[in-house]
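Subject: Two-chain model for you

Hi,

Here is the structure I promised to pass on. Have a look at it first, and my notes follow below.

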Amino acid sequence: MHASTTAHPAEHDTSTGLDNRKLLMWAFLGSDCLFFGSLISTYMIYRGRSLTPPFPGEVFDIPYTSVSAFVLLMSSLTMVLALAALQRDDQRGAKTWIMATALLGSVFVGGQVYEFTTFVHEGLTLSVNLFGTSFFVLTGFHGTHVTIGVIILLSLFIMAWRGKLTSHNSLNLEIAGLYWHFVDIVWIVIFTLVYLLPYPEHIAG
Amino acid sequence: MATVTGTMGGVLPRPSIHTTGFWSWVTTVDHKRIGVLYGVTAFTFFLIGGIEALAVRAQLARPEQGMLQPALYNQLFTMHALTMIFLSVMPLGVAFFNIVVPLQIGARDVAFPRLNALSYWLFLFGGILLNAGWLFGGSPDVGWFAYSNLTGTDYSMGAGMNYYVTGLQVLGVASVAGALNFIVTIVNMRAPGMSMMRLPVFTWMTLIVSILLVTAMPVISIALIELTFDRLFGTNFFNPALGGDPILWQHLFWVFGHPEVYILILPAMGIVSEVLPTFARKPLFGYAFVIYSGIVIGFMGWGVWAHHMFITGLGPVANAVFALSTMLIAIPTAVKIFNWIGTLWGGQIEMKTPVYFSIGFVAVFIVGGLSGVSHAATPSDFQQSDTYYIVAHLHYVLFGGAIFGLFSGIYYWFPKVTGRMMGETLGKWHFWLMFIGMNLTFGPMHWLGLNGMPRRIYTYPSGMGWDFWNLVATISSYLIAISMLIFLHNVFRSLRKGPRAGNDPWNARTLEWSIPSPPPVYNFAEIPVVLARDAYWEQKYGSGHENGQAHAATSEHVSEGQYGAAADERHDIHMPWPSYWPLITAFGLFVVFAGLLVNVVFAALGVLILFYGVYGWALEPVAE
């Protein structure tokens, strides 16, 4: 995020009244929709068309992934609490909730690393079959998005720690929040389509 | 301007403000300079792509020639297409976005000046990466749409496709970053009173193209990521042995590829919509129709991609649907054609060089549009696919369309950028040679294609009835080359000896002509207040003369310099400072992708440079 904006808060009048950086983030998220849209489409086209084992039913641990999905969704809640705290100038609350959001995000990414490792031990690799290929690339790119979000949150935490994130420039956190909630929503779609939706009988495992 | 030392703080001090010299260009964040960088770089690539085309034409001049080896020939036609599309026509459009859009909306710069510089550097690095194969291990050689599974490691063993996947990826990031910037700029940075329906048409087309870029580029990014993983990390996206489907590549490519066609042509349409009203001394006929048909094209461009895939066997239902949607998209395009004709109709047309190129655009684009409709019909497309008929069509819309429009823009805005007029006589020589050369090069390809000559063959046997027209096409392509030499001569001559342009040499209608040529760094000394469409015309003549031509024809210019020139050295206007970070960040991303091709360690190093760039960027002090 732009630390430099502390020097001049949103003072420029824009034609729409919407801050430039906020509009930029919304437009970027529109672009990212197409990014994930194409990835998810690839997965859905290939869903159930993998020819060789391991098949999804043999490796998926739905309860485990449900827990990590819950963790990620809770991070959206803490993100909202962080912004609310910052906007009423509750510095302590803001720092706490920003760090909580970053931690929940890290737990999710850590859970994904553990899940990937387990899958590889069970024989599902990037190149072993079509399922491994489409699964790892889709969820991997989502995990990368979460990781970038965590880095942004940690940067904002350092800003807050040094007293440079206040209610005057809470827009920094708000914009990071837009990104964070978007990445969460994408996970809801991925989790539903990849994990929850039943696979055809012959490959259920 | 005096040299001002950067304020300390952040990772590096901000570079000092120099108005001249090498570093002033490297660190610039001024939209006009970035536009010039885009234009010069893109035109250099245009010349390279042109030389590639001339080599291809030379090989095809006579039957059974062995001038070029087949392997080199394949690289040349592939790189010709990639260079012309991604490194010439797209960035030439972006050059105009940069130079013209902030001036037309009455802004001092784009919304994110440093992001704008980043776009340029990424474009330059992406172009270098895409061309790296000429020196290191061979260039892409499977055609610009690179159908799977020719592109897998089984069939493309060399490095060529690696440069394709990484080079285009970097160019995609550059396009999206630039387009995001222009969306925010146009939506948010308009001068007071500049409502959306008062925006100049070129700015409107920029907005539509930017939205298309932001939405279409991620699709090709995913396709490229999948192919990159297949080639470098052994995945199976396009591996039929494990259930992968090569047709998926075609879908992803053309879902991007068809909006891309409109990304290429809409900027030219915007330019023509500026040039014709200026020289016909009439407001654009049916402004709202031009805008809305542009929007409709933008939407419908997403629903026609499979007409590139009729012969892959999608089935009669899909073929019928896409044939119909393709025929429908001809309607908003034709609406624009009629609007341009309506603009010229009854106007007092001043036949300057920009008008020649604009009228040339309209004429040639009609031919290209009609041949396009002819392969919207599936059965006739079955006959035409992969023949020279397609080559003829695409050059009529991209060369006869986009390039003519872009040249019209160069002749039109050259005085604004440089402060000097271009030579009219040389300009007309350029036009006529290019117009005749273009029609004699690509016109014969229609019947060569209908006579069965396949595209992308490196030679052909004698006695097929193709010999004569191939020779004509080759000779004419060199006519185009001569016209380019005349153009270059005109540019260099005009830069030194061209008559001074003044603020408003064409008696034009939009705000960029209200300020000096070349514009001062801050563009507008006072931000203009916009009272009507064609804002500057309104300032000059008032709305009473909006529809009449009599008054305008006397070309009584408002006293030049009324807007801006009086305050040539304004120190109270704070402009964004130059910055090193866009270059460093772009270099980091370049090392990530170039490094992938050498060793993962290099890619990791690139990530570090990227992080250094992003953090330095974010922490850069505001120097005021």
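A:P54 sits in the loop between α1 (20–46) and α2 (56–59) of chain A; helices here are DSSP runs of H or I with at least four residues, strands are E runs of at least two, and both are numbered from the N terminus. The peptide bond leading from A:P53 to A:P54 is cis, with omega near 0°. Please keep in mind that this is a predicted model, in which local features need pLDDT of at least 70 and side-chain atom pairs count only at pLDDT 80 or more, while totals for chains, interfaces and linings use all residues. Residues are numbered from 1 along each chain as its sequence is written, and chains are lettered from A and ligands numbered from 1 in the order in which they are written.

Chain A has six helices and zero strands. Its C-alpha trace spans about 60 × 35 × 25 Å along the principal axes. Mean pLDDT, the predictor's confidence in each residue from 0 to 100, is 92 for chain A, and 92% of the residues reach 70 or more. One stretch to treat with care is residues 1–11 of chain A, where pLDDT stays under 50.

Chain B has 18 helices and zero strands. Its radius of gyration is 24 Å, close to the 25 Å that the globule rule gives for 624 residues, so chain B is as compact as a globular protein of that length. The radius is taken over C-alpha atoms, and the rule is 2.2 Å times the number of residues to the power 0.38. Buried residues make up 56% of chain B.

The loop between α14 (467–497) and α15 (535–541) of chain B holds B:P518, and a cis peptide bond with omega of about -10° joins B:S517 to B:P518. B:N507 is in that loop too, with a positive phi near 55°, and B:N507 is buried, with 21 other C-beta atoms within 10 Å. B:N523 also belongs to the loop between α14 and α15; its phi is positive as well, near 65°, and 23 C-beta neighbours inside 10 Å make B:N523 buried. For context, most residues other than glycine have a negative phi, and most peptide bonds are trans.

How do α3 (residues 70–104) and α7 (residues 246–280) of chain B pack? Their axes come within 9 Å and cross at roughly 35° (axes are lines fitted to C-alpha atoms over the stretch in contact, and angles run from 0 to 180 degrees between N-to-C directions). On the α3(B) side, B:I85, B:V89, B:M90, B:G93 and B:F96 meet B:I263, B:L264, B:P267 and B:I271 of α7(B), where contact means C-beta atoms, placed from the backbone, within 7 Å.

Finally, 33 residues of chain B are in contact with 33 residues of chain A. On the chain B side, α6(B) gives the largest share, nine residues.

Best wishes

Conventions:
Contact = placed C-beta atoms within 7 Å. Buried ≥ 20, exposed ≤ 12 C-beta atoms within 10 Å, placed from the backbone.
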